[in-house]
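Subject: Handing over a structure

Hi there,

I am passing a structure on to you, together with some notes on what turned up in it. Please have it open while you read.

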Amino acid sequence: MVAASKIIPELPVSLKYVRAILSSDHLLQQQATSVFARCDLNKNGQIERDELKFLCSAMHDTMGLYSFDQGKLERQLKMFDADLSGTLNAMEFLGLYKSLLQETGSAAAQGTCRSVVRNVDDIVTELPCEPRFLRAVLSSKLLLEEQARKVFLRCDHDVNGQIDRDELHDLCRAMHQILGLRLPDEIGVGLQLARFDTDYSGGLDRKEFLNLYRQLLQDALATMTSAGPSVDLAPLDERQAISSSSPKLPAVGDEVLAPYLGEQSGRRYHALVTSVSKSLDGADRVGLRWLRPPAGEHPEEYVVGNGLDDTDFMCVPSCLVAPCLTHA
């Protein structure tokens, strides 16, 4: 099951952002409306007890809000249930959500909750915050490398020299808050990771992260200047080199390595190409049949060898598919 925090990407993860929301009635209303829609899982226009539990779990994972037991949940529900319906409508939910933000902000400021919000604040401090600075970073190789190095160190919370899926998710949230970059969903984060993970390790080393960071800054600049989709700002010779080295589409029957998009690590696994087609937006898509380890060899390289369902996530963008290198 996908973690609640990944289904409610609108939740603020920066203490600064929490304070901004609480200081603006308009922003608070906008935030509450968006979070209400995410939590209303059965789409009946009411937040029920289990849906409130879902929200509190997400705020615990994302913001460090203390866990609620059943009694605390009941008291919160009754406190804001003005019409005694046993559920919360949108207006009642606004009062509850404001109260939860106030409690979380107070606890974070006093250092009595987990440091999740401070981690993302650390990332925010390193990001360029306006178009002129973004253009300067993108136009200078040295400046871009220095920026990427600092952001990498801020994002690598477990200090293992790799940016994993959760750490990339934190970066995307920070860039959404400070630069307005569109928030990817769980699969979108996995796609980004797989696209730039050229050694198929399941994480991004510093060189791979540099390429990803550059792309994210380009997307952010396009968003801030209303320029539409991201524009490739690489020098012409670099773009030509990238273009000339782009892999060809696989053919039906080819054995390839492809990411299992419902899985957290972003690793690639052995698969057989069953189809190659175009999606509605014109992007090439590759249909797959996940292979099983022959004679039990190298099970970690196969979907079923990692306990995953080999009847699911059987279509991926072609840019994420790599040729299969057989073992010697």
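**Two loop residues**

Leu84 is exposed, with a relative accessible area of 74% (exposed means over 50%, buried under 20% and partly exposed in between, with a 1.4 Å probe and protein chains only). You will find Leu84 in the loop between α5 (70-80) and α6 (90-110). Helices (H or I, at least four residues) and strands (E, at least two) are DSSP runs, numbered from the N terminus. Although Leu84 is not a glycine, its phi is positive, at about 55°. Most residues other than glycine have a negative phi.

Tyr200 also has a positive phi, of about 60°, and is not a glycine. This residue sits in the loop between α11 (186-196) and α12. Tyr200 is partly exposed, with a relative accessible area of 30%.

**What kind of model this is**

Before going further, please note that this is a predicted model, in which local features need pLDDT of at least 70 and side-chain atom pairs count only at pLDDT 80 or more, while totals for chains, interfaces and linings use all residues. Residues are numbered from 1 along each chain as its sequence is written, and side-chain values use heavy atoms, with hydrogens and water left out.

**The chain as a whole**

The protein chain has 13 helices and five strands. Of its 328 residues, 44% count as buried. Contact here means heavy atoms within 4.5 Å. Among the contacts in the chain with a separation of 6 or more, 62% are between residues 24 or more positions apart.

**Helix α9 and its two partners**

Helix α9 covers residues 141-155. This helix has 15 residues and reaches 21 Å from its first C-alpha to its last, close to the 21 Å expected at 1.5 Å a residue (the expected span is 1.5 Å times one less than the number of residues). Which residues of α9 are buried? They are Leu144, Gln147, Ala148, Val151, Phe152 and Cys155. These cover an arc of only 135° around the axis, which puts them on the same side of α9. The arc is that of the directions from the helix axis to the C-beta atoms.

One partner of α9 is helix α12 (residues 206-224): the two pack at an angle of about 105°, with their axes 9 Å apart. Axes are lines fitted to C-alpha atoms, for helices over the stretch in contact, and angles run from 0 to 180 degrees between N-to-C directions. That angle makes α9 roughly perpendicular to α12 (65 to 115 degrees counts as roughly perpendicular, under 35 as roughly parallel, over 145 as roughly antiparallel and the rest as oblique). On the α9 side, the contact is made by Leu144, Glu145, Gln147, Ala148, Arg149, Val151, Phe152 and Leu153, and on the α12 side by Arg206, Phe209, Leu210, Tyr213, Arg214 and Leu217. By class, there are nine nonpolar, one polar and four charged residues in this contact. Ala, Val, Leu, Ile, Met, Phe, Trp, Tyr, Cys and Pro count as nonpolar, Asp, Glu, Lys and Arg as charged, and the others, Gly among them, as polar.

Phe209 is buried, with a relative accessible area of 0%. Leaving out residues up to four places away in sequence, Phe209 touches Ala148, Val151, Phe152, Ile163, Leu171 and Leu204.

Helix α8 (residues 131-139) is another partner: the axes of α8 and α9 come within 5 Å and cross at roughly 105°. Here too the angle makes α8 roughly perpendicular to α9. Phe133, Ala136, Val137 and Ser139 of α8 meet Lys141, Leu143, Leu144 and Gln147 of α9. This contact divides into five nonpolar, two polar and one charged.

**Helix α3**

The buried residues of α3 (residues 25-39) are Leu28, Gln31, Ala32, Val35, Phe36 and Cys39. They cover an arc of only 135° around the axis, which puts them on the same side of α3. Ala37, also in α3, is partly exposed, with a relative accessible area of 39%.

Enjoy exploring it!
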